[in-house]
Amino acid sequence: MSETEQAGEEAVGTETLPLDSWHRAKGGRMVEFAGYWMPIQYEGIMAEHLWTRENAGLFDVSHMGQLAVSGDGAAEALEALVPGDISALKPGRMRYSLLLNEEGGILDDLMVTNEGDQLGIVVNGAVKWEDIGHLREYLPDDITLNHKDDHGLLALQGPKAVDALARLVPEAAGLLFMQYMRAAWNGHAIGISRSGYTGEDGFEISLPNEALAAFANALCAMDEVKPIGLGARDSLRLEAGLPLYGHDLDEEIDPVEGDLAFAISKRRREEGGFPGAARILGHLEGGAPRKRVGLLVDGKLPVREGAKLFDGNTEIGVVTSGGFAPSVGAPIAMGYVPRDHAVPGTAIAAEVRGKRVHCTVAAMPFIPHRYVRKQGG
Amino acid sequence: MPRYYTEEHEWIDVDGDVATVGITDFAQGQLGDIVFVEVPDTGAELSAGGDAAVVESVKAASDVYAPVDGTVTEGNGQLEEDPALVNSDPEGEGWFFRMTLSDKSQLDGLMNAEAYKAFIADL
């Protein structure tokens, strides 16, 4: 028996995260991911996935890069590299954006937060060093870029996340989706945003490395909280229709093709001035030749990354993420198809081990988002 | 009925010239939640070490190899409806396929239960 789709080679120079021994003590099965040893699962991906949708799951995402940009004109400087309206971002607000290359291809997807005195940026772990290099190269010299590598990041996700977190930091319950605040816990300065990557309500909490284990223990001592591994993080985000950089997005794909046009702010559409604006604005105007779509898969055979997509005998695209979706109860996938196939309901086929599997292009998310956008709502 | 084990974490029960093949409890534990199993067609000719079946967990697809040479006489149809049988009863109801044995001497190279237990203890 051998795994055919998981990279099995021993990684050289794999680093440990601050909570490494904490994960191992909790029974986490550690795998190499983005240059770090990380827990793929504790009790099992299916159980952890369903737990997060019903209760609250704690994810260690300390592999991600936590950056800060500051200095006069920091927002304007960042706008030269991303298509979001960063200047209009009010203190305590965050937004999803994209680091673009000159051709409009996506170098990374990221979160930008106006923390008041600086812009916080959270980038993907797998490309954080490339991102830091890019920002250092392209931001003006009088803008300061700080890598907060003395901080870890925890995500608490699920419908009961707010109850759990409010026991430790009561004021966090007052945040709405994509809002941020600074707070204190046990004498530590922490940052909290109501955000995440599961489609559920939840929070991301940035803490000094030395506070991570105590905070994680305080949460996991609560009945509604369990630690959740990378495996369920992947299946949860797939059901939520959220792309994973390096799989569903890369340097060849622009935001319109990636179905991320919402990240191109209105003012930026009018004014341009971001990398690859000509291509991206052209695609906004006239449509992109291909588009990221969701796929509902007939039957039980999982359709995974790399599977070719067909309309009849014509190869039309490729699957970029896919697998069994625990909350859907069936396999789902996302991938790229030509724009005339990117209409929900379009019947296509995926090829898995020489067999054709029927798929239907589907609107995403597969499981409705449950973000809290207004109090009491 | 003697049971043999492979280093690829398959078990094989031998009854005369016919063998039943599945994956071990250790293997299912490593794979996690099984969501799909593809068993070989009846009549398929297998050779030791060659691909015989595919087992898919939530996270990945894994090949299951033929432990010995032979011809498939039956795949476990129950796994199509209930792949999780491989998790709940891997060395019983969760068997993958049955096959005839072309060369019983190939069994000599496999492990018994005690040797397999020692093998996985060293992993």
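**Reading a predicted two-chain model**

Tutor: Chain A contains nine helices and 21 strands, where helices (H or I, at least four residues) and strands (E, at least two) are DSSP runs, numbered from the N terminus. This is a predicted model, in which local features need pLDDT of at least 70, side-chain atom pairs count only at pLDDT 80 or more, and totals for chains, interfaces and linings use all residues. Residues are numbered from 1 along each chain as its sequence is written, while chains are lettered from A and ligands numbered from 1 in the order in which they are written.

Student: Why does the radius of gyration of chain A agree with that of a compact globule?

Tutor: The radius is taken over C-alpha atoms, and the globule rule is 2.2 Å times the number of residues to the power 0.38. For 377 residues the rule gives a value near 21 Å, and chain A has 20 Å, so the two agree.

Student: What makes Leu212(A) of helix 6 a buried residue?

Tutor: A residue is buried if 20 or more other C-beta atoms, placed from the backbone, lie within 10 Å of its own. Leu212(A), Phe215(A), Ala216(A) and Leu219(A) are the buried residues of helix 6 (residues 212–220). They cover an arc of only 100° around the axis, and therefore lie on the same side of helix 6 of chain A; the arc is that of the directions from the helix axis to the C-beta atoms.

Student: How many residues of chain A are in contact with chain B?

Tutor: Contact requires C-beta atoms, placed from the backbone, within 7 Å; 19 residues of chain A are in contact with 19 residues of chain B.

Terms used: Two residues are in contact if their C-beta atoms, placed from the backbone, lie within 7 Å. A residue is buried if 20 or more other C-beta atoms lie within 10 Å of its own, exposed if 12 or fewer, and partly exposed in between; C-beta atoms are placed from the backbone.
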